[in-house]
Amino acid sequence: MTPMEKAWAVLKMPVYDTSPYGKVKYYHGTKESNLDSIKRRGLLPNFGGIYGHGVFVTNSPSDAQSYVTSGQPTIIGVREGAGKPLPSNLIEDDAYFTEGIPPEYLVTGYRGE
């Protein structure tokens with residue numbers, strides 16, 4: 001699947017336009033085995049990881065997928081209603097939320113290869 005096909009698949013997510021929490025604006029990559037927990041608890045901030053504290057997101061679905069280093073990669077869409085993340089000083093086009101992101105602001109269902 002090409003990067004353009006992956007991006008198009010994200011944009012076609014079935015609940016993309018029907019949520020009161022807005023459209024998908026950011027993307028977070030994780031391994032598929034984390035999905036059940038994320039659906040229940042949302043995205044929780046990383047405490048002291050390689051890039052510091054927070055929930056890290058990007059403007060690019062393919063970048064989000066590339067950050068998954070083990071397991072089957074999955075991309076989670078983050079709706080604009082989650083707020084505005086802080087810009088990352090480390091990687092261009094990346095940002096982070098200092099607090100967790102509740103499940104109602106997330107869209108799961110896009111799976112990378």
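Among contacts in the protein between residues at least 6 apart in sequence, 78% join residues at least 24 apart. Contact here means heavy atoms within 4.5 Å. The model is predicted: local features need pLDDT of at least 70, side-chain atom pairs count only at pLDDT 80 or more, and totals for chains, interfaces and linings use all residues. Residues are numbered from 1 along each chain as its sequence is written, and side-chain values use heavy atoms, with hydrogens and water left out.

Start with the overall layout. The protein has three helices and seven strands. Along the sequence, they follow the pattern α-β-α-β-β-α-β-β-β-β. Helices (H or I, at least four residues) and strands (E, at least two) are DSSP runs, numbered from the N terminus. Of the 113 residues, 39% count as buried. Buried means under 20% relative accessible area, exposed means over 50%, and partly exposed lies in between (1.4 Å probe, protein chains only).

Now look at the aromatic rings. A search of the whole structure finds three aromatic pairs. Rings of Phe, Tyr and Trp (its six-membered ring) pair if their centres lie within 6.5 Å; planes under 30 degrees apart count as stacked, over 60 as edge-to-face and the rest as tilted. One of the pairs is Tyr26 with Phe97: the centres are 6.2 Å apart and the planes stand at 80°, so this pair is edge-to-face. Tyr26 lies in strand β1 (residues 24-31) and Phe97 in strand β6 (residues 94-97), so the pair ties together parts 71 residues apart in sequence. Both Tyr26 and Phe97 are buried.

Phe56 and Tyr96 form a tilted pair, with 5.6 Å from centre to centre and 35° between the planes. This pair also links distant parts of the chain: Phe56 is in strand β3 (residues 52-58), Tyr96 is in strand β6, and they are 40 residues apart. Phe56 counts as partly exposed, at 22% relative accessibility. Tyr96 is partly exposed too, at 23%.

Next comes the interior. In soluble globular proteins, nonpolar side chains tend to be buried together. A nonpolar core is a set of buried Ala, Val, Leu, Ile, Met, Phe, Trp, Tyr and Cys residues joined through side-chain atoms within 4.5 Å. The largest such core has 13 residues, and those with the most contacts inside it include Val78, Phe97 and Leu106. The elements that give two or more residues to this core are α2 (35-41), β3, β4 (73-79) and β6. Val78 touches residues beyond four places away in sequence, among them Tyr26, Val57, Phe97 and Ile101.

Leu35 lies in helix α2. Leu35 is buried, with a relative accessible area of 5%. Leu35 and Ile75 are 40 residues apart in sequence but 9.8 Å apart in space, C-alpha to C-alpha.

Ser88 sits in the loop between β5 (86-87) and β6. Ser88 counts as buried, at 17% relative accessibility. Leaving aside neighbours within four places in sequence, Ser88 is in contact with Asp94, Ala95 and Tyr96.
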